[in-house]
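Reader: I have a structure open and would like to learn to read it. Can we go through it together, one question at a time?

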Amino acid sequence: MNALMSYFGSKQTPGVAGNQLWALIYIFIIFAGVAVIVICMNWLERKVLAHFQVRIGPMRVGPHGLLQPFADALKLLTKEDIIPQEADKVVFWMAPVIGLLAAFTVYIVIPFGPTQAVTDMNIGILFMLGVSSLGVLGIVTAGWASNSHYPLIGALRSSAQMVSYEVAMGLAVVSAILMTSLNRDGTGTLSMLGIVQAQQQQGIWFIFKFFPLGLIAFLIFAIAMVAETNRAPFDLPEAESELTAGFHTEYSGLRWSLFMLGEYAAMIAVSAIAVTLWLGGWMRPFPNGLAGAGWDFFFALWPGLTFIGLGGLAFLGVVRMPSAQFFKIQRVGLAIFALALAGLGGLLIAITIGAHYSQRNIIASTSAGIAYVYWFLLKVAVFMYLFIWYRATWPRYRFDQLMKVGWKVLLPISLGVLIVTAIVGMIL
Amino acid sequence: MNDRTDALSNLDLETPEKPYLDSNELIINMGPQHPATHGVLRVILKLDGEKVLGTECVIGYLHRGVEKIAENRTYTMFNPYVDRMDYVAAVSNGLGYCQAVEKLLNVEAPPRANYIRVILTELNRIASHQLWLGTHALDIGAMTPLFYTFRDREEILKIFEKYCGARLTTHAFRIGGCQYETYAGFEKDVKNFLAFFPPKIDEYEELLTGNRIWIERTKNVGVISAKDAIAFGVTGPVLRASGVKWDIRKAQPYANYADFDFEIPIGQNGDTYDRYIVRMIEMRQSLRIIEQAINGIPEGPIMAKVPKVIKPPVGEIYHSIEAPKGELGYFIVSDGSTQPYRVRVRPPSFVNLQALDIMVRGMLVADVVAVIGTLDIVLGEVDR
Amino acid sequence: MNSAMAPGMTPVATPFFFYLLSGMAILSGLLVITRRNAVHSALALIVTLLSVSGLYFMLYAPFVAGVQIIVYAGGIMVLFLFVIMLVNLERVIRERQFNRMWPVGLAAACALLALFLSVFEKGKSLFDRASVPLSDKFGPENTQQVGIMLYGNYMFAFEIASLLLLVAILGAVIMTKKRI
Amino acid sequence: MVDKYKRQYGSGLEALSYLGQNYFNVDRSLIPDFLKLLRDDEHFDYCVDITAVHYPKREKQFDVFWILYSFPRNERIRVKTQIADGKSLPSAVPIWATANWLEREVYDMFGITFDGHPDLKRILLPDGWKGFPLRKDYDILKQDQEWVQINLGIESGQ
């Protein structure tokens with residue numbers, strides 16, 4: 001109980017503070033949360049993509065197809081598990097697990113807030129890059145273990161692609177890390193928390209630092225991260241029209257869904273890196289420009305208002321649904337969903353208002369934590385939307401063009417940005 | 001089935017000088033079930049890493065013996081079968097067959113019938129190009145154009161459905177003219193489509209024409225020179241993209257194409273991008289033809305005087321039209337009976353597909369997909 | 001800014017994790033040399049490298065641990081796998097696993113072990129065996145210390161090494177690419 | 001043009017016309033040379049189609065057709081020759097690359113072999129198939145039952 005309560009008001013992440021109970025709670029929350037977000041992403045991607053393409057997307061399972069991802073998950077879990085006869089069984093079994101482990105392990109250093117992370121590491125960003133680079137092992141072994149040509153080509157493509165883009169990605173990250181050292185005592189940090197705090201101290205998101213240097217580095221990272229996660233237009237390892245399904249051609253059911261889970265978890269993870277490094281992490285917009293208790297309160301209201309807004313949207317869906325008897329169950333379901341969303345929003349607002357007027361530690365830190373996590377996730381959500389947008393708009397690169405972009409365009413630019421950032425940093 | 005090993009043993013393609021690392025050539029089987037082969041085409045690729053050293057097409061999975069069926073049916077009974085060859089351009093197939101038999105009988109379709117034929121055939125050309133565009137873009141990785149083109153293709157299919165009751169295998173024409181008079185509102189529907197469609201082409205072009213990735217994926221991909229194109233008998237937009245200004249509608253006009261004013265787009269490089277541009281312009285030119293035809297459509301009969309039982313005199317005839325995919329020819333031999341002695345179909349897809357090998361040698365796997373898409377093959381027609 | 005050695009941090013079950021990680025490293029190291037399938041060996045090697053990286057973490061050397069993961073496990077091993085997948089494995093599997101030279105190899109391994117042991121015995125007096133964390137001797141931040149060491153004391157050696165690597169890269173490019 | 005060739009080849013060549021379409025009926029012995037001449041001297045550079053017709057009652061059972069087109073002249077022409085069953089024809093692949101598949105199809109459907117063809121094998125039917133379906137003595141319901149049973153694992157394809 002002591003450990004439980006001592007966290008509130010603590011100035012450190014549970015891992016650093018040695019609060020193992022809360023560290024475990026966070027690990028659990030993150031695991032469950034990422035799984036839920038991935039499921040929601042699934043629905044959202046299908047829906048958004050459908051509307052890009054003059055379709056309406058899933059509509060049958062639940063109101064507006066809201067239960068579709070759950071139906072999908074159920075289907076995947078109950079599907080026959082096929083292992084090809086000629087496959088290397090052990091490696092075939094291990095491959096999705098490797099990918100998933102790599103994708104989930106990085107979450108322990110992602111700072112959703114100043115104390116809302118499992119732990120903080122001295123080498124946080126290095127650790128993230130390192131562990132996420134292990135994800136390629138899952139793909140490579142999956143392609144090899146399937147013992148089939150399409151997966152093998154997919155695996156070869158993906159290993160070459162991910163190793164290549166890691167270089168440009170790493171250099172872009174280094175230029176952001178360089179910016180953290182532009183403080184009074186001149187020491188930078190690799191810690192994820194430290195990077196956000198550096199932006200806080202310098203009073204600027206790194207994307208705007210030394211304009212346009214920060215922006216260029218950010219854009220390089222934003223391109224490389226799409227390539228790293230094998231998403232369109234860099235989805236060559238699983239290019240449907242060329243390699244049927246690339247490295248996971250031979251996978252089905254649960255194992256296949258593990259790959260999908262890993263892919264989406266990796267997407268969220270790289271977006272989180274981008275948000276942390278360039279977009280001020282958990283900070284709300286204009287923490288310095290619009291400072292003061294009033295503004296704080298205004299921005300603290302946002303999470304609750306967002307959920308109430310979502311509830312309102314869902315309620316609009318109820319109103320617009322045809323009045324036939326057939327839709328009755330759907331209407332009731334959607335109305336309950338709308339109420340739940342609005343209720344959640346109301347709860348959040350209540351906590352915010354409570355924190356504004358009450359001095360109790362637990363409420364204040366909960367409210368602050370909600371705001372941090374909200375802003376962080378909102379920024380990540382923008383990237384998620386971009387991922388879908390790219391997919392709807394662009395054709396796929398060819399392999400040699402992909403390599404050309406990686407080595408001949410992104411790498412020199414990122415090196416140049418790094419050098420110029422260093423010089424500018426030294427002069428100022 | 002041992003025809004896989006047979007096919008591989010015949011694949012004697014020269015190997016480039018030995019690389020430093022002794023890595024094997026990869027032989028992969030694209031199809032017959034594969035998302036990008038537009039049906040049941042099987043391409044055996046011999047690869048060095050991602051580079052294509054050679055290809056071998058295995059076709060015939062959809063072979064139904066159309067030419068044999070023709071010998072056992074009367075001229076009239078065979079007419080609906082031709083719709084099943086190039087099933088995305090059924091109207092063109094029907095036109096070619098009907099005109100070939102009319103030539104053999106030495107009858108002319110009346111002018112009104114010719115106008116209806118031209119309108120429907122050109123609409124079908126647009127529909128066929130739309131389907132090509134959607135699937136081709138999907139092969140290259142752009143998902144969205146597929147849905148746009150299918151949405152707009154629907155408008156054409158609606159007109160077909162209203163005219164003859166079928167959407168895909170239309171069987172719109174009969175030997176000697178057309179079976180059906182235009183329905184009430186046909187003119188309005190076609191005119192609506194003429195107004196509706198040009199902005200949609202702009203929409204497709206907005207997504208693709210200037211798109212950097214699209215240009216990189218299609219420029220200098222699957223190049224075929226005019227000389228090679230002629231040697232390989234390639235026809236249609238593929239030939240025109242190589243710079244040969246040849247279109248049967250202009251060169252040897254059939255129906256009443258000679259009455260209309262339209263242009264033949266040609267390309268310069270003979271690459272995938274040029275073929276894309278040529279087809280896009282062709283859609284606009286088809287609209288021009290339809291506009292002239294719908295405004296000039298005369299009154300009158302729609303059926304020439306054709307005997308109830310069609311018994312052409314002994315002889316042989318070759319007639320070809322410009323189908324959306326190229327030269328579609330019918331070679332009919334008559335022995336004076338009610339059944340054709342021999343019907344030979346000269347399918348454009350079949351002949352164009354043959355050029356796949358020289359177009360993709362030395363390119364990458366992804367280009368094979370792009371080139372198959374750009375050849376615009378329909379397996380129903382390749383295999384017949 | 002917090003570091004991994006912040007005062008509040010208390011290591012949990014250190015001996016357990018030490019034996020777990022070193023056991024894993026040794027076991028998978030054995031697998032590396034006994035597996036017939038080269039891909040299995042490579043995967044076992046990755047486990048070894050990751051276990052060693054875990055040991056580095058326990059030694060409060062997070063930077064080395066991170067670099068171990070990113071360079072060896074994430075980079076080099078992927079390239080290893082890349083190459084292994086391309087060569088013909090069937091022939092390798094049919095070949096004998098150990099050739100006639102294995103007694104010599106064993107002898108060499110034993111000699112190396114003896115060398116290590118003797119260095120360890122002789123050098124005991126050089127190292128302080130008190131249980132202070134290694135990093136406390138150099139300062140609070142291991143990563144910063146590595147940076148200062150590399151770019152301060154060993155600047156020249158570092159630059160020589162990087163030049164050597166550059167030459168190696170150029171050589172590799174020229175050897176493999178016939179036409180640049 | 002016609003006169004010139006008539007003089008050159010004499011009775012081996014007949015120039016005919018039906019319904020406005022011109023064709024040559026040439027002797028089997030003239031075949032590769034005459035086609036080559038047509039391409040080189042008369043610019044019939046596009047081989048539209050190669051096909052055959054089967055007349056089981058005749059002594060020379062097959063009519064083989066080459067349908068040619070000339071871009072500069074904008075003219076179509078047919079070359080026709082007769083050969084007996086079991087006899088072969090020289091391949092036109094060296095003259096027009098497109099002849100490759102077209103000749104394979106003729107071989108596949110009629111069993112006419114072409115000498116010098118780089119890869120003469122079945123194209124539409126499976127490799128092991130017996131019989132040539134477009135011959136008149138091949139019934140429309142006939143199938144290679146043995147092939148169907150072995151490769152498809154069913155009693156009959158009908």
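Reader: Does B:D376 count as buried or exposed?
Author: A note before the count: this is a predicted model. B:D376 sits in the loop between α15 (365-375) and α16 (379-383) of chain B. A residue needs 20 or more other C-beta atoms within 10 Å to be buried. B:D376 has 28 C-beta neighbours inside 10 Å, so B:D376 counts as buried.

Reader: What is the phi of B:D376?
Author: Most residues other than glycine have a negative phi. B:D376 is not a glycine, yet its phi is positive, at about 55 degrees.

Reader: Does A:V54 count as buried or exposed?
Author: A:V54 lies in the loop between α3 and α4 (68-78) of chain A. Its phi is positive too, near 45 degrees, and A:V54 is not a glycine. The cut-off for exposed is 12 or fewer neighbours. A:V54 has 12 C-beta neighbours inside 10 Å, so A:V54 counts as exposed.

Reader: How are α6(A) and α11(A) oriented to each other?
Author: Take helix α6 (residues 124-145) and helix α11 (residues 253-278), both of chain A. Their axes come within 12 Å and cross at roughly 155 degrees. Angles over 145 count as roughly antiparallel. The two helices, α6(A) and α11(A), are therefore roughly antiparallel.

Reader: Which residues of α11(A) make the contact with α6(A)?
Author: From α6(A) come A:M128, A:S132, A:G135 and A:G138. By class, this contact of α6(A) with α11(A) has 5 nonpolar, 4 polar and no charged residues. On the α11(A) side, the residues are A:G262, A:A266, A:A269, A:V270 and A:I273.

Reader: Why is α4(B) oblique to α5(B)?
Author: The axes of helix α4 (residues 90-105) and helix α5 (residues 111-140) of chain B come within 8 Å. They cross at roughly 140 degrees. An angle over 145 would count as roughly antiparallel, and 65 to 115 as roughly perpendicular. The crossing angle therefore makes α4(B) oblique to α5(B).

Reader: How many charged residues are in the contact of α4(B) with α5(B)?
Author: On α4(B), the contact uses B:V91, B:S92 and B:L95. On α5(B), it uses B:R117, B:L120, B:T121 and B:N124. The classes are 3 nonpolar, 3 polar and, for charged, 1.

Reader: What covers the buried residues of α14(A)?
Author: Helix α14 (residues 361-393) of chain A has 33 residues and reaches 48 Å from first C-alpha to last. Its buried residues include A:W375, A:F376 and A:R391. Among the elements covering the buried residues of α14(A) are α3 (20-52), α11, α12 (293-320) and α13 (328-357) of chain A.

Technical notes. Residues are numbered from 1 along each chain as its sequence is written. Chains are lettered from A and ligands numbered from 1 in the order in which they are written. This is a predicted model: local features need pLDDT of at least 70, side-chain atom pairs count only at pLDDT 80 or more; totals for chains, interfaces and linings use all residues. Axes are lines fitted to C-alpha atoms, for helices over the stretch in contact, and angles run from 0 to 180 degrees between N-to-C directions. Helices (H or I, at least four residues) and strands (E, at least two) are DSSP runs, numbered from the N terminus. Angles under 35 degrees count as roughly parallel, over 145 as roughly antiparallel, 65 to 115 as roughly perpendicular and the rest as oblique. Two residues are in contact if their C-beta atoms, placed from the backbone, lie within 7 Å. Ala, Val, Leu, Ile, Met, Phe, Trp, Tyr, Cys and Pro count as nonpolar, Asp, Glu, Lys and Arg as charged, and the others, Gly among them, as polar. The expected span of a helix is 1.5 Å times one less than its number of residues.
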